[in-house]
Amino acid sequence: MEMKIDKVIEPTPGRGIVIAGPCSAETEGQVMQCAKDLAKLNQVDLFRSGIWKPRTRPGSFEGVGKEGLQWLKRVKEETGLKTTTEVAKASHVYDCLKAGIDVVWLGARTTVNPFSVQEVADALNGTDIPVMIKNPINPDLGLWIGAVERIYKAGITKIGLIHRGFSYHGETVYRNVPRWQMAIEMKRRFPELQMVVDNSHICGNRHMLAEVAQEALNLNYDGLMTEVHPRPDEAWSDAAQQITPAVFGELLEGLRLRKPSANEVEMERLTELRRQIDEIDSDLIGMIGRRMKLADQIGHFKAERNIAVLQESRWDEVLKEASQRGKDHGLSEEFMHGYLRAIHQESIDHQDAIVNKAQ
Ligand code: PEP
Ligand code: MN
C-alpha cells in the first residue's frame, strides 16, 4: 500500500523523541507533579499518561476515565508539554479530541484486534490528530501492519510506531521480549514511520531501562517512551518498571544518539567491510547448498533401506559439538542453536521429500 506519511513529532535536532509520564493518571496531584518535574528536564516532547487502562483481570485499577483528560489539559496549560494517551474505543477518541489531547496511541491489546482498530480508525476519520501504534502483544507483524493501514485509510497521515515488546511463554529477563528483528522488519517495510521504543513495557523492571533504550538508539530508532512516576513504588499500575523524573533525567543524560548514517569517508570503509561480508555470505550459502546435497544423499540411502529420517542421538551430538565450536569462535549458544535448528529443519525437509517420494 502506497503511503504518504508525516512525522508525529518533530524532534529537537541532536536528540531523539522523548515521551514520558506515568503508566496511569491516578490523581490530579500526581499527574501535575510528574508533568512539572518532567518539564524541568527540558527534554520531553510529549507527556504520556493512561486514562483508560486495559487490565488483564477486572478489579485491578482500570484508569480514572475521562476526568483525567482535564488533568492532561491542565498539564498542557501549565507546563506547555504536549499530551498523549491510549485510546481503545470510539468514545475514547471523541473524548480526547474534545479535551485537546495532542497525540493518541493504540495499545498492544488493541492492535491485536482488527474490530477495535477499525472502530478507533472510524472515530478518527476526518481529523488529523497524530496516532502512534504499539506492536501487538503476540509477534504477528501482519496485525501491526494492518493497524497502520487501517489508521492511514481513515485519512490520518501522522502515524508513528511504538515497540513495546512481545509476550513470551518461558523464562526471560524481559517482561515482554523485544524481538528486535520484528521491529527492524517493520522499519524496513515502513521506513518513513517514526519508531520509538517503550523500554518500560519491554523491561518490566527499572534496572534494564537504560540498556534497552540505548539498544534502540543503536538500531536508529527515533526515540523512546518511558513510564515515569513521582513515587514509583506507590504507583497504581506497573510500579516495578516506573522511575522518578530525576532518575529519568539521568537515564537521558547517559544515552548516546547515533548518527543515522555515515559520511563519505566513513562510507568508503563501511562499503569495503560490507563487501567482505557479502563475499562470506555468498560462500556460506554455497556451502549450505553443498551440505543439503549431502543430506539428499543420506535421504536416498535411508529411503532405500527404510531408515527413519531422524536419529535423535546424532542430532544431539551435532548440536553439542557445533555449539562448542561456535563458542570457540565467539558465537553465542542462542545463535548456534537457532542456526543449527534452521539448518537441521531444512535437512529434514529435504530428506522427507525424498523418503516420501520413494515410498
Ligand atoms: C501502557 O502504555 O501503559 C500500556 C498499557 O501499554 P501496552 O499497551 O504496551 O501494554
Ligand atoms: Mn504501563
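**The ligand and its surroundings**

Author: Let us begin with a contact: a polar backbone atom of A108 lies 2.9 Å from an oxygen atom of ligand 1. Please note that this is a predicted model.

Reader: How far is a polar side-chain atom of R109 from an oxygen atom of ligand 1?
Author: The distance is 2.8 Å for R109. For E227, a side-chain N or O atom is 3.1 Å from an oxygen atom of ligand 1. The protein covers 97% of the 290 Å² of accessible area that ligand 1 has on its own.

Reader: Which residues surround ligand 1?
Author: They are C23, R48, K53, E86, W105, G107, A108, R109, K134, R164, H201 and E227.

Reader: And how many residues of that shell are nonpolar, polar or charged?
Author: The shell around ligand 1 has 7 charged, 3 nonpolar and 2 polar residues.

Reader: Changing topic, how many strands does the barrel have?
Author: The closed barrel has 8 strands, in the order 1-2-3-4-5-6-7-8, and their pairing is parallel. From one strand to the next, the twist averages 25°.

Reader: Over how many bridges do strand 1 and strand 2 pair?
Author: Strand 1, residues 17-21, pairs with strand 2, residues 46-48, over 2 bridges in the parallel sense. The bridge partner of I19 in strand 2 is L46.

Reader: Which strands does helix 10 touch?
Author: Helix 10, residues 245-254, packs on the sheet and touches strand 1 and strand 8 (223-227). The direction of helix 10 makes about 160° with that of strand 8.

Reader: Where does helix 2 lie?
Author: Helix 2, residues 67-79, lies across strand 2 and strand 3 (82-86), and runs at about 155° to strand 3.

Technical notes
Residues numbered from 1 in each chain as written. Chains lettered and ligands numbered in written order. Predicted model: local features only at pLDDT ≥ 70, side-chain atom pairs only at ≥ 80, totals over all residues. Heavy atoms only, no water. Pairing = 2+ DSSP bridges. Helix = DSSP H or I, 4+ residues; strand = E, 2+ residues; numbered from the N terminus. Axes fitted to C-alpha atoms, helices over the stretch in contact; angles between N-to-C directions. Contact = heavy atoms within 4.5 Å. Near = heavy atom within 4 Å. Polar contact = N/O pair within 3.5 Å; in protein donor to acceptor, adjacent residues only side chain to side chain. Areas by Shrake-Rupley, 256 points an atom, 1.4 Å probe, with all protein chains shown as cover. Nonpolar A, V, L, I, M, F, W, Y, C, P; charged D, E, K, R; others polar.
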